[in-house]
Amino acid sequence: MAREVTHEERGPAKLDESDMGDDGMIYVCECGLSNSKPLCDGSHNATTDEEDGVVYKYENDDPDGERREIDAIAYAEE
Ligand code: FES
């Protein structure tokens with residue numbers, strides 16, 4: 001499984017001790033669906049039933065949005 005996510009940021013996020021959870025760890029989102037990027041907010045729970053070999057797109061990159069399967073990505077110049 002994989003998912004297509006649109007990012008608009010053009011630079012890094014700076015993390016510090018205020019980003020640590022109660023356990024002293026910093027959890028960085030790797031699923032791309034967090035509303036608190038770059039930190040994990042639990043949105044990855046929406047991906048638990050994604051199937052291997054399928055690429056998904058969540059409406060508005062919202063984990064509660066409609067989830068659709070992507071068949072192919074079309075490039076503008078093709
Ligand atoms: S890994 Fe993305 S929200 Fe947790």
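**Entry 1: Elements**

In what order do the elements of the protein run from the N terminus on? I read the order as β-β-β. I noted that the model is predicted: local features need pLDDT of at least 70, side-chain atom pairs count only at pLDDT 80 or more, and totals for chains, interfaces and linings use all residues. Residues are numbered from 1 along each chain as its sequence is written.

I then looked up the totals and found 0 helices and 3 strands. Helices (H or I, at least four residues) and strands (E, at least two) are DSSP runs, numbered from the N terminus.

**Entry 2: Overall form**

I looked up the radius of gyration, which is 15 Å, well over the 12 Å that the globule rule gives for 78 residues, so the protein is more spread out than a compact globule. This radius is taken over C-alpha atoms, and the globule rule is 2.2 Å times the number of residues to the power 0.38. Along the principal axes, the C-alpha atoms fill a box of roughly 45 × 30 × 20 Å.

**Entry 3: The sheet**

I followed the pairing of the strands next; two strands pair if DSSP finds at least two bridges between them. Strand β1, residues 2-4, pairs with strand β2, residues 55-58, in the parallel sense over 3 bridges. In this pairing, R3 stands opposite Y56 in β2.

Strand β3 covers residues 67-70 and runs antiparallel to β2, with 4 bridges joining the two.

Together the 3 strands form an open sheet in the order β1-β2-β3, with mixed pairing. The edge strands are β1 and β3, as each pairs on one side only. Neighbouring strands of the sheet are turned by 40° against each other on average, direction ignored. For such angles, axes are lines fitted to C-alpha atoms (for helices over the stretch in contact), and angles run from 0 to 180 degrees between N-to-C directions.

A residue is buried if 20 or more other C-beta atoms lie within 10 Å of its own, exposed if 12 or fewer, and partly exposed in between; C-beta atoms are placed from the backbone.

Is D23 buried or exposed? I located D23 in the loop between β1 and β2. D23 is exposed, because 7 other C-beta atoms lie within 10 Å. From C-alpha to C-alpha, D23 and E59 are 32 Å apart in space, and they are 36 residues apart in sequence.
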